[in-house]
Amino acid sequence: MQSREVQNLSGWLQKLYKKCKEVKNGMIKVTYLDHSGFLVELEDAYFLFDYYKGRLPQIDLEKKMVVLVSHAHHDHYRKDIFNLRKHFREIRYVLSSDIEI
């Protein structure tokens, strides 16, 4: 990833983080997916962590999606996470440096 892309992603994540901190009476829902996988849902975004197994719950495709992968082990990552690009208008991937794309 080029430094400009990293800066853009960093700014985007900082804005989402700030919004998370501002959520007081809003909705935050955490769904356990299996082993290392979690889906965190906010009012306007999802954060998908280390998804490799299990079914995603019904999701609102109009929300933003951030997919985070901690490392390339089979129990934390599967390549078909990139198929989510077909469904979300706004999606970002935060990948460990050991993941080849």
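## An enclosed strand

Strand β4 (residues 64-69) is largely enclosed by the rest of the structure, because five of its six residues are buried (under 20% relative accessible area, with exposed meaning over 50%, by a 1.4 Å probe and protein chains only). Strands here are DSSP runs of E of at least two residues, and helices are runs of H or I of at least four, numbered from the N terminus.

Strand β4 has a parallel pairing with strand β3 (residues 45-49) over five bridges; strands pair if DSSP finds at least two bridges between them. Within this pairing, M65 of β4 is the bridge partner of Y46. Strand β5 (residues 91-95) also pairs with β4 in the parallel sense, over five bridges, and Y93 in β5 stands opposite V67.

## Basis of the model

The model is predicted: local features need pLDDT of at least 70, side-chain atom pairs count only at pLDDT 80 or more, and totals for chains, interfaces and linings use all residues. Residues are numbered from 1 along each chain as its sequence is written, and side-chain values use heavy atoms, without hydrogens and water.

## Overall make-up

The protein contains one helix and five strands, in the order α-β-β-β-β-β from the N terminus. Of its 101 residues, 36% count as buried. Among contacts (heavy atoms within 4.5 Å) between residues at least 6 apart in sequence, 42% join residues at least 24 apart.

## An exposed residue

V30 belongs to strand β1 (residues 29-34). With a relative accessible area of 53%, V30 is exposed.
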